Amino acid sequence: EVTSTDISKVPTFTPMTVRPSVKNKDAVERAMVREYPPLLRDAGIGGTVQVHFYVDEEGKVVNTLVNTSSGYEAMDEAALKVANIIEFTPALNREKRVAVWISLPITFTSKF
């Protein structure tokens, strides 16, 4: 019996000629402020979480995974909350829309 792997579950390379780009930067910035863990923010602790995104043919985020942790569980969880509100333009392989995995950093910076 052959089972096909659901590529939306595990980061996989998909050929693309145009990468997805973020459409809702203002909403993402608001979410970054809203989701920044208060204890870390108030202590002046920032960090970067590298997040894998599975983006479907319409540019919708279907799945997110932490690729590289910030070292703080609360910050990693906050990054995934932010990741799930991001809207992308669809990826293209030549003229065809394709579902792809991409990886982006989500960086929390305290203003101190």
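Before I show the pocket in this protein, let me say what the word covers: on a 1 Å grid over the protein atoms alone, a pocket is an open set of points with protein on both sides within 12 Å along at least five of seven lines, whereas a cavity is a set of points where a 1.4 Å probe fits but cannot get out, and lining residues are those with an atom within 4 Å of a point. What we have here is a predicted model, in which local features need pLDDT of at least 70 and side-chain atom pairs count only at pLDDT 80 or more, while totals for chains, interfaces and linings use all residues. Residues are numbered from 1 along each chain as its sequence is written, and side-chain values use heavy atoms, with hydrogens and water left out.

Let me begin with confidence, given as pLDDT, the predictor's confidence in each residue on a scale from 0 to 100. The protein averages a pLDDT of 92, and 95% of the residues score at least 70. As a caution, where pLDDT is low, the predicted coordinates should not be read in detail.

Now the overall layout. The protein has three helices and five strands, where helices (H or I, at least four residues) and strands (E, at least two) are DSSP runs numbered from the N terminus. Along the sequence these elements follow the pattern α-α-β-β-α-β-β-β, and the C-alpha atoms fill a box of roughly 50 × 35 × 15 Å, taken along the principal axes. Of the 112 residues, 37% are buried, and by that I mean under 20% relative accessible area, with exposed being over 50% and partly exposed in between, for a 1.4 Å probe and protein chains only.

Next, the sheet. Two strands are said to pair if DSSP finds at least two bridges between them, and on that basis there is an open sheet of three strands, in the order β2-β1-β5, with antiparallel pairing. Its edge strands are β2, residues 61–68, and β5, each of which pairs on one side only.

Strand β1, residues 47–55, pairs with β5 over nine bridges in the antiparallel sense. Within that pairing, Tyr54 stands opposite Trp101, and the bridge partner of Val49 is Ile106. On the other pairing, β1 and β2 are joined by six antiparallel bridges, with Gln50 opposite Thr68 and Phe53 opposite Thr64. Seven of the nine residues of β1 are buried, so this strand is largely enclosed by the rest of the structure.

β1 and β2 also form a hairpin with five residues between them, and Gly59 in the turn has a positive phi of about 95 degrees. Lys60 sits in the loop between these two strands, and it counts as exposed, at 54% relative accessibility. The C-alpha atoms of Lys60 and Thr89 are separated by 8.2 Å, although the two residues are 29 apart along the chain.

Which residues lie nearest the centre of the largest pocket? They are Val28, Glu29, Met32, Val33 and Thr107, out of 19 residues that line it. The elements giving two or more residues to this lining are α1 (25–35) and β5 (100–108). By class, the lining has twelve nonpolar, three polar and four charged residues, where Ala, Val, Leu, Ile, Met, Phe, Trp, Tyr, Cys and Pro count as nonpolar, Asp, Glu, Lys and Arg as charged, and the others, Gly among them, as polar. The volume of the largest pocket is about 390 Å³, a volume being the space filled by probe spheres set on the grid points, which are joined across faces, edges and corners.

I will end with helix α1, where Arg34 is found. Arg34 is exposed, with a relative accessible area of 54%, and its C-alpha atom is 9.1 Å from that of Val82, a residue 48 positions away in sequence.
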